[in-house]
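Please view the sequence and the structure below before reading on.

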Amino acid sequence: MGEKRQTEHTQANAVTVEPKSSSQRSKQKVRHDIEMICAWVSFAALVVCNVLAQTGVMGRMVKPRHSEAFTWFVPARYTDLIWAVIFVFAAVWLVRLGNDKHRARNLGKIPASLLGILFIAACVLQIAWLFCFHAVNYPATITLVFASTIVIWVLWFFSRRHDRTLWGWVPFSLWGSWLGIETITDIARAVSYYLSKDGSLSAFGQMISTIILALLLLAVACAMRWYMGDWVFGLCVLWSVLGVAIRIMDTSKITAVIVIIAESIAAALMYLPWRHLTGRLNSVDALSSAHAGAVDEQGRKSVESDGEPQSTDYPGAQEHR
């Protein structure tokens, strides 16, 4: 009787627990669906706003406070085509995020929905940045683009930590590096505007600042490639720096040529297979040294046996004579 009652009690507990577990799963699914809907809506809004910005519609919608000052360190307009690549990678990442199989795991005390929340925040911040940028409001523009860049790189950190595939971290490396370049160009625009209030900026000052910024960006790209294994950052930097050089080619050919030369050197340092090349060169040197040593040893033995060398085609023959 006791065992029967215990069995009935266990079954009753199981019956009461099952609806609770099912309810929790249902709530998690609803929360997940809401999160994904918000992420897709914010992403779609970002794409639409970016299209309006690139076609000039947003510039007519927003009345700028003042006109921009001419700044050398600004990439050519064609470089903005990179946004299409960024959005394709981001869309694939969102699809994978919505798939339970690839969904982010719990990050300790941080909820698993952190990636979705950060993604939505990045989209909202970037939409606000686009409006402020076309309004030529430099303080708000720099603040918003800097905040967007930080959020994207946080996404890069968590995605790279939990998803080592290319679709896990490349979207945010591409996105974050381009936003970092946008931050630098916005700061350059602001500095040029505020300094030009007292008169036009000197060509020498623009030239020096452009070269310094290009070298700093290329150095950071090399560091990311060598120490972080991030080869995407360098591609974005090379793309933007080339755009800067092409844009100022008619303004200052010397500056453009210097920037292109520095970019070529950085590209070689980042993407040539130096480990394989140095390993191959080391093996060639070792083989040539071994061969020279063998020939020299053969000549020395000939001198010892015959009194003088039989051949003078080996290194050090003149000394033995």
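Is the crossing of α3 and α6 left-handed or right-handed? The crossing of α3 and α6 is left-handed (the near helix is turned anticlockwise from the far one by less than a right angle; clockwise would be right-handed).

## Basis of the model

The model is predicted, with local features requiring pLDDT of at least 70 and side-chain atom pairs counted only at pLDDT 80 or more, while totals for chains, interfaces and linings use all residues. Residues are numbered from 1 along each chain as its sequence is written, and side-chain values use heavy atoms, without hydrogens and water.

## Packing of α3 and α6

Helix α3 (residues 82-98) packs with α6 at an angle of about 145 degrees, the axes being 9 Å apart. Helices are DSSP runs (H or I, at least four residues), numbered from the N terminus; axes are lines fitted to C-alpha atoms over the stretch in contact, with angles from 0 to 180 degrees between N-to-C directions.

Contact (heavy atoms within 4.5 Å) involves residues of α3 including Trp83, Phe89 and Trp93, and residues of α6 including Trp167, Phe172 and Trp178. By class, the residues of this contact are 16 nonpolar, one polar and two charged (Ala, Val, Leu, Ile, Met, Phe, Trp, Tyr, Cys and Pro count as nonpolar, Asp, Glu, Lys and Arg as charged, and the others, Gly among them, as polar).

## Packing of α4 and α6

The axes of α4 (residues 114-134) and α6 (residues 166-195) come within 13 Å and cross at roughly 30 degrees. The two helices are therefore roughly parallel to each other (angles under 35 degrees), and α4 passes α6 in a left-handed crossing.

Phe119, Cys123, Gln126, Trp129 and Phe133 of α4 meet residues of α6, among them Trp175, Asp186 and Arg189.

## Packing of α7 and α9

Helix α7 (residues 203-227) and helix α9 (residues 253-271) pack at about 5 degrees, with axes 10 Å apart; α7 and α9 are therefore roughly parallel. Met207, Leu218 and Trp226 are among the α7 residues in contact, and Ile258, Ala262 and Tyr271 are among those of α9. The classes here are 16 nonpolar, two polar and two charged.

## The largest pocket

The largest pocket holds about 530 Å³ of space (a volume is the space filled by probe spheres set on grid points joined across faces, edges and corners). A pocket is an open set of points on a 1 Å grid over the protein atoms alone, where a 1.4 Å probe fits, with protein on both sides within 12 Å along at least five of seven lines; lining residues have an atom within 4 Å of a point.

Of the 26 lining residues, Val74, Arg77, Asp80, Phe133 and Arg189 lie nearest the centre of the pocket. The lining has 12 nonpolar, eight polar and six charged residues, and α6 gives the most, with five residues.

Methods:
Parallel < 35°, antiparallel > 145°, perpendicular 65-115°, else oblique.
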